[in-house]
Structures are given as structure tokens and as C-alpha cells.
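The following exercises are to be worked through with the sequence and the model in view. Each task is followed by a solution in steps.

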Amino acid sequence: MVESLPKIDRSKWHKPTYPGHYDENATHYEGIRCRCKKCGISFVFSAESQKNTFEAKQRYPGWLPTLCQTCGEQWGFLKQNILTFECQWDSHRADLASDQEFLNNWLASLKEAQGYGKNDFNSRIRMLIKPL
Ligand SMILES: [Zn+2]
């Protein structure tokens with residue numbers, strides 16, 4: 001059983017001395033059960049994707065996914081939308097400041113992001129609520 005799981009190579013971690021999810025005697029990754037912040041289903045952060053996340057992508061060793069795969073993909077699209085709003089705002093702020101439709105759509109996207117547990121936009125939301 002253990003032989004089929006990927007080996008932990010701490011030297012490839014972003015921070016090799018940090019224990020992360022494993023004590024110092026652990027030699028192999030194991031699936032970790034997580035709960036999706038968006039839809040509430042429980043899912044497994046697999047041993048293979050941990051190896052990829054912590055060794056190839058160099059994520060902080062204590063990181064855990066907060067979204068299941070489906071919600072993660074939906075969040076990816078929503079995040080792109082939000083980035084587009086930000087870009088448009090940066091280049092056409094003077095025109096867009098009075099564009100109620102633009103501001104409403106932007107605000108709706110940011111509020112939707114909160115459902116995914118993404119609260120980085122709270123100051124943006126406050127800014128948008130004022131002029132509306
Ligand atoms: Zn989900």
C-alpha cells in the first residue's frame with residue numbers, strides 16, 4: 001500500500017524545514033480529506049497532487065485546497081472576469097465611474113467571489129457600494 005504512494009522529497013519544498021502536514025518520520029504523501037468552502041462537499045487532496053503542489057509548484061507546505069475541483073474551475077473563470085473588470089477600470093476609470101451597468105456587474109462578481117471564501121475584495125466592494 002505505502003509503496004504505491006509518492007515519496008516526500010522535502011528538499012524540493014519551498015521551505016524544507018517546515019513540517020507541513022507531516023511529521024518528520026513520514027516518508028510518503030497520503031490523501032488528506034478537505035471540505036469545499038463553496039459547495040460543502042468533502043474531497044481528497046490526493047497524495048499525487050500534494051507532491052505536485054509542494055515540490056513542483058512550490059506551494060507553502062502547510063497549504064490546503066479550499067475548493068473542490070468543480071468549484072475550483074468555476075472560481076478560475078470568475079477570477080478571470082474579475083481581472084478583466086480590474087483592467088478595464090485601470091484604463092477607462094473616468095468613463096466607467098458613471099457606467100452603472102459596469103459597476104453593478106463588477107460588484108456582482110466580487111460578491112460572488114465571497115461565496116468561494118475569497119475575501120480579498122472587501123475594500124473594492126466598499127468602494128463600489130458608495131457610488132451606487
Ligand atoms: Zn465545491
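**Exercise 1.** Which handedness does the crossing of H2 and H3 have? Describe how these helices pack and which residues make the contact.

*Solution.* 
Step 1. The model is a predicted one. In this model, the crossing of H2 and H3 is left-handed.
Step 2. Two packed helices are described by the angle between their axes and the distance between the axes. For H2 and H3, the axes cross at roughly 150 degrees and come within 10 Å.
Step 3. On the H2 side, the contact is formed by Leu78, Asn81, Ile82, Phe85 and Leu96. On the H3 side, Phe102, Trp106, Ser109, Leu110, Glu112 and Ala113 take part.

**Exercise 2.** Determine how H3 is oriented relative to H4, and list the residues that join them.

*Solution.* 
Step 1. Helix H3 covers residues 100-115, and helix H4 covers residues 122-129. Their axes lie 10 Å apart, and the packing angle is about 150 degrees.
Step 2. Angles over 145 degrees count as roughly antiparallel; therefore H3 is roughly antiparallel to H4.
Step 3. H3 passes H4 in a left-handed crossing.
Step 4. H3 contributes Leu103, Trp106, Leu107, Leu110 and Lys111 to the contact, while H4 contributes Arg124, Ile125 and Leu128.
Step 5. Of the residues in this contact, six are nonpolar, none is polar and two are charged.

**Exercise 3.** Is Trp89 buried, partly exposed or exposed? Locate Trp89 in the chain and relate its position to that of Leu103.

*Solution.* 
Step 1. Trp89 belongs to helix H2, which spans residues 69-96.
Step 2. Within 10 Å of Trp89 there are 16 other C-beta atoms. A buried residue has 20 or more such atoms and an exposed one has 12 or fewer, so Trp89 is partly exposed.
Step 3. Trp89 and Leu103 are separated by 14 residues in sequence, and their C-alpha atoms are 9.5 Å apart in space.

**Exercise 4.** Into which domains is the protein chain divided, and how many residues does each supply to the contact?

*Solution.* 
Step 1. The division gives domain 1 (2-56) and domain 2 (69-129).
Step 2. The C-alpha centres of domain 1 and domain 2 are 32 Å apart.
Step 3. Four residues from domain 1 and four residues from domain 2 make the contact.
Step 4. On the side of domain 1 that touches domain 2, two residues are nonpolar, none is polar and two are charged.

Conventions:
Residues are numbered from 1 along each chain as its sequence is written. This is a predicted model: local features need pLDDT of at least 70, side-chain atom pairs count only at pLDDT 80 or more; totals for chains, interfaces and linings use all residues. Axes are lines fitted to C-alpha atoms, for helices over the stretch in contact, and angles run from 0 to 180 degrees between N-to-C directions. Helices (H or I, at least four residues) and strands (E, at least two) are DSSP runs, numbered from the N terminus. Angles under 35 degrees count as roughly parallel, over 145 as roughly antiparallel, 65 to 115 as roughly perpendicular and the rest as oblique. A crossing is left-handed if the near helix is turned anticlockwise from the far one by less than a right angle, and right-handed if clockwise. Two residues are in contact if their C-beta atoms, placed from the backbone, lie within 7 Å. Ala, Val, Leu, Ile, Met, Phe, Trp, Tyr, Cys and Pro count as nonpolar, Asp, Glu, Lys and Arg as charged, and the others, Gly among them, as polar. Domain bounds come from an automatic or database domain assignment.
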